[in-house]
Amino acid sequence: MTVTALVSPTPAVCWEAYKTVLTKHPLVTKSATAAVLSGISDAITQKVEPQKGDNEPRRTHNFVRSAHIMLTGFLWSGPIAHWWYQSLEQIIYILPAMIQQQPRHDPYWMP
């Protein structure tokens, strides 16, 4: 990696760096990504949605609410999604072999 790439990284360089970190530390990377995306979505929501009983969008940002949502993304959404998709990958890997072997061992048409 050159000095120019470190000073002003292009999206491709950023993506490669993200994939490298994702390979080395998948759970932490996915948790941090979930936290950042949760925070961005909450900031957009607070900007667009009006407050209760008011028809105009918020003028101030509720940082405590955003911190809670980001913490939930980091501690709950990221790890749960990581383990869920990891389990699905194992099921999808095993399922074709099970389907292929089932008729040979115990055909469903035999009583």
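This is a predicted model: local features need pLDDT of at least 70, side-chain atom pairs count only at pLDDT 80 or more; totals for chains, interfaces and linings use all residues.
## Basis

Local features need pLDDT of at least 70 and side-chain atom pairs count only at pLDDT 80 or more, while totals for chains, interfaces and linings use all residues. Residues are numbered from 1 along each chain as its sequence is written, and side-chain values use heavy atoms, without hydrogens and water.

## Fold

The protein chain holds four helices and zero strands (DSSP runs numbered from the N terminus: H or I of at least four residues for helices, E of at least two for strands). From the N terminus, the order is α-α-α-α.

Of the 111 residues, 14% are buried (under 20% relative accessible area, 1.4 Å probe, protein chains only).

## Helix 2 and helix 3

Helix 2 (residues 11-24) packs on helix 3 (residues 26-48) at about 125°, with axes 5 Å apart (axes are lines fitted to C-alpha atoms over the stretch in contact; angles run from 0 to 180 degrees between N-to-C directions).

Helix 2 contributes Tyr18, Val21, Leu22, Thr23 and Lys24 to the contact, and helix 3 contributes Pro26, Thr29, Lys30 and Thr33 (heavy atoms within 4.5 Å).

## Largest pocket

A pocket is an open set of points on a 1 Å grid where a 1.4 Å probe fits, with protein on both sides within 12 Å along at least five of seven lines; lining residues have an atom within 4 Å of a point.

The lining consists of Lys30, Thr33, Ala34, Gly78, Ala81, His82, Tyr85, Gln86 and Glu89. Helix 4 gives the largest share, six residues.

Notes
Buried means under 20% relative accessible area, exposed over 50%, partly exposed in between (1.4 Å probe, protein chains only).
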